[in-house]
Each structure stands twice: as C-alpha cells, then as structure tokens.
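Please examine the following protein chain with its sequence beside it. The paragraphs below the display lead through selected features one by one.

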Amino acid sequence: MYLLGERVKQDSVEALKWLKKSVLYGNTEAFKWFQKSAEQGNAEAQKELGLMYKVGHGVRQSYAEADNWFEKSVEQSSDKEKEKTATYEIAVEYDFDKNYAEALKWYQQSAAQGNAMAQYVLGELYAGDDRGVHRNFAQAKEWYGKACDNHLEKGCEAYARLNKSGF
C-alpha cells in the first residue's frame, strides 16, 4: 500500500520497512516488490535485494546476484551516508567470500567516503591482519586515527594502543 500509495500517502521508506518485515516471516511475495522497486532505481531496495540474495530469503541464494545488487545500490544512491554504508557492505561481502583483494578495494573506497568502520578495518589490516595486506604501522595508525576522528570508540582505543607501543 505504501509503495503504490493505495489508501495511504505513498511512502517508499515505510514500504521498505514493511517489506523487510515480510521477508523475515518468509513471504516470498516481498521479493517481487523489492525487485520492482530496485529495478526502478531505488538504492535502498537494491541493497535489500542484495541482502535477500546473500542469505537466500525469498529467493535462491546467490552471492553473484547479491554483489550485483549491492553495486547497483552504490551507483544509484544519492544519499552519501547510504552510499558509505552500501560500499562498506560490499567490502564485507567480498571479505566474507575470501576475495581479499576486492574487499580491500571496497574498504578503501568506503573509508575514503568517511565510513568509520571501513577506516577501522583498514587499520586492522595494516596492523597485521594476514588478508594480503602488508603490515604498515604508520598506515594502521592513520586509519585508526580517522576512525577515531569519526567517533568510533574502538578506533580511538586502537590508535592509543599503537601510540603506547611506540609506533
């Protein structure tokens, strides 16, 4: 009703909220509506469709389709905060799939957009994580500092820990 404006004022945010709830209860009809909205360029619906494909809710699980919809969400998004979040989620998906080179690229993009969690993860990677990133304490400190500047508590803690160790 909210999606089409039937008997209520059209409200895509409210529509997506109810579609998400519908998906949680196994309503496969929700997939159809997410897809319609996603195909019309709704970035939030594209992100949700990606999540549905990622976990197999209402549709056969497909990481390739999930990545496809996550990428479309980033392309369509006009809201910078949503774009940062979507870019970070793409990075996490690649990380989960153990495609570390692609994950690093997306973490870097999200961090450059100001996403504090992506900045923190880059700090972790440069501090010595073994996912294809060479240890570089100066880079780790820089990314932890940026995460801290963006009010991420664990970024501040990691920054202080590196300072205390003399790096």
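The term "partly exposed" covers values between two limits: buried means under 20% relative accessible area and exposed means over 50%, with a 1.4 Å probe and protein chains only. This is a predicted model, in which local features need pLDDT of at least 70 and side-chain atom pairs count only at pLDDT 80 or more, while totals for chains, interfaces and linings use all residues. Residues are numbered from 1 along each chain as its sequence is written, and side-chain values use heavy atoms, with hydrogens and water left out.

What does R131 pair with? R131 forms a salt bridge with D95, and the closest N and O atoms are 3.1 Å apart. This pair links distant parts of the chain, since D95 belongs to helix α5 and R131 to the loop between α7 (116-127) and α8 (137-149), 36 residues apart. D95 is buried, with a relative accessible area of 11%. A salt bridge is defined here as a side-chain nitrogen of Lys or Arg within 4 Å of a carboxyl oxygen of Asp or Glu.

The structure holds 4 salt bridges. Another of them joins the side chains of E93 and K54, at 3.4 Å from N to O. E93 lies in helix α5 (residues 80-96) and K54 in helix α3 (residues 43-55), so this pair ties together parts that are 39 residues apart in sequence. E93 has 0% relative accessibility and counts as buried, whereas K54 is partly exposed at 23%. A further salt bridge connects E102 with K105, the closest N and O atoms being 2.7 Å apart. Both E102 and K105 lie in helix α6 (residues 100-112), 3 residues apart, which is about one turn of the helix. E102 is partly exposed at 22% relative accessibility, and K105 is partly exposed with a relative accessible area of 42%.

The protein chain has 9 helices and 0 strands; helices (H or I, at least four residues) and strands (E, at least two) are DSSP runs, numbered from the N terminus. Buried residues make up 41% of the 167 residues in the chain.

Which residues touch the most other members of the largest nonpolar core? Of its 37 residues, they are L49, Y53, Y107, L122 and L125. A nonpolar core is a set of buried Ala, Val, Leu, Ile, Met, Phe, Trp, Tyr and Cys residues joined through side-chain atoms within 4.5 Å. Helices α2 (29-39), α3, α4 (63-76), α5, α6, α7, α8 and α9 (153-164) each supply at least two residues of this core. The largest share, 7 residues, comes from α7. Leaving aside residues up to four places away in sequence, Y107 touches Y88, A91, V92, D95, A118, V121, L122 and L125.

The last feature is a covalent link. A disulfide is a covalent bond between the sulfur atoms of two cysteines. A search of the whole structure finds 1 disulfide, taken as a pair of cysteine sulfur atoms within 2.5 Å. C148 and C156 form this disulfide, with their sulfur atoms 2.0 Å apart. The link of C148 and C156 is right-handed, with 95 degrees about the S-S bond. C148 is partly exposed at 23% relative accessibility, and C156 is partly exposed at 24%.

How values were computed. Contact means heavy atoms within 4.5 Å.
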